[in-house]
Amino acid sequence: MMTPVPRLVVAAPSSGSGKTTVATGLMAAFAARGLTVSPHKVGPDYIDPGYHALATGRVGRNLDAYLCGPELIAPLFLHGARGCDLAVVEGVMGLYDGAAGHGELASTAHVAKLLRAPVVLVVDASSQSRSVAALVHGFASWDPEVRVGGVILNKVGSDRHEAMLREALDASGVPVLGALRRVPRVDTPSRHLGLVPVAERRAAAVDAVAAMAAQVAEGCDLDALAALARNAGALPGAAWDAAEAVAAVDPPARDHPAGPAGPPGKHAPVVAVAGGPAFTFSYAEHAELLAAAGAEVVTFDPLRDEELPEGTAGLVVGGGFPEVYAAELSANEPLREAVAELALSGAPVAAECAGLLYLCRELDGRPMCGVLDAGARMGERLTLGYRDAVAVGDSVLAAAGTRTRGHEFHRTVVEPGAGAAPAWGLTTPVRRVEGFVRRGVHASYLHTHWAAAPGAAHRFVERCRTS
């Protein structure tokens, strides 16, 4: 099967060049023309996809060749782009920067090649003129399999500056598809883990995305960019499908003879998924896999809801910023008690990063759920990077010995860092055990992508049925 989806990858020579502004602005500008735009982000970033979703009205999805494997990049892309007129993929870091020690793996260039997509290079031109041609030539010629189809010049100082840049690039063979003037920074405030998520500043975020769209529409040749996207051609293979992924789970991962999972029905176990401003880090495929495995997925907000959803049989608490909302989370004592009671009952509970902190005894001195005999606090160091891991013992997510890949991204510290029964044994960058497995609880700092391990969703839902 060959599927034609017009698509662009927005990349840059380095972080800070303006990728997010250009990619989000392009998404919003194309959407304003009446196109259905599919938004994507290379790598494990959870925050940029929130802005992408605002720009397009569709779920922002990640394409991570380290967490999911190169073989899933095109299928996951096609899944997200179903029914769309055009797709925009925002890159990560510099164009050729991949997972440390793994060459091109998980780089923007790697994903562009897997998608057979043209690259638009966003260049910060604020401190150069003729040298821009050497920079673009180097990036365009470094890997012949990466097609740099155009350049967008960012932070251009004046008409004269733009003319000098365009003249220098005339001989490069790479067309200039846009030039954006230096303007006051679009209002996208940052803090210790990057941009402030959309859920925390909804109205201001809407204004910021509108400003990005206006800037890009004024400074870029949208017709030329759309034509470049249409030149991407068709992708071979089929789109990823959650139901097919769950149905293909190997028999050893099926702990209970329930047979293939069907769509949620009146007897479907309710899986409560934490959301709201404090818990914004989630891959859309996780909820889709839980539903495909037979669960009724219900989202709740731990900042506002004093009870778990009615009939909750399992709980998923993903990543986010509980440290920012520690006072409010602590003040919601009825919900904290409900979470502790659910965990004590042996029901399946999966907690990632922020979820781990929420289950601790305390966070920065404020009482949390007390499910784990551990304390959490803000630290001084950022812990960041891909990890290879193996399940130390059996849990609601994995059988002992199951290997996975994950990502850590936090400035908090949990003491102790692992329980008597750890969740994972990490093999990179250093060997250590991490996380907690207790009764039905699996709590860890490690972010994983279940599209690469659909057995986790199947196992979790089956435990919900029988716990």
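Select Cys 369 to begin: at 7% relative accessibility this residue counts as buried (buried is under 20% relative accessible area, exposed over 50% and partly exposed in between, with a 1.4 Å probe and protein chains only). What you have open is a predicted model, in which local features need pLDDT of at least 70 and side-chain atom pairs count only at pLDDT 80 or more, while totals for chains, interfaces and linings use all residues. Residues are numbered from 1 along each chain as its sequence is written, and side-chain values use heavy atoms, with hydrogens and water left out.

The structure holds zero disulfides, a disulfide being a pair of cysteine sulfur atoms within 2.5 Å. Move on to Cys 220, which is also buried, with a relative accessible area of 9%.

Next, select Glu 90. This residue is found in strand 5 (residues 86-90); helices (H or I, at least four residues) and strands (E, at least two) are DSSP runs, numbered from the N terminus. Is Glu 90 buried or exposed? Glu 90 is buried, at 0% relative accessibility. Leaving aside neighbours within four places in sequence, the contacts of Glu 90 include Val 10, Lys 19, His 40 and Asp 48 (contact means heavy atoms within 4.5 Å). Turn to Lys 41, whose side chain is joined to that of Glu 90 by a polar contact of 3.2 Å. A polar contact is a pair of N or O atoms within 3.5 Å; within protein, one must be able to donate a hydrogen and the other to accept it, and residues adjacent in sequence count only if both atoms are side-chain atoms.

Then go to His 447, in strand 24 (residues 447-448). His 447 is buried, with a relative accessible area of 1%.

Finish with strand 12 (residues 270-274) and strand 13 (residues 296-300), which pair in the parallel sense over five bridges; strands pair if DSSP finds at least two bridges between them. Find Ala 274, whose bridge partner in strand 13 is Phe 300.
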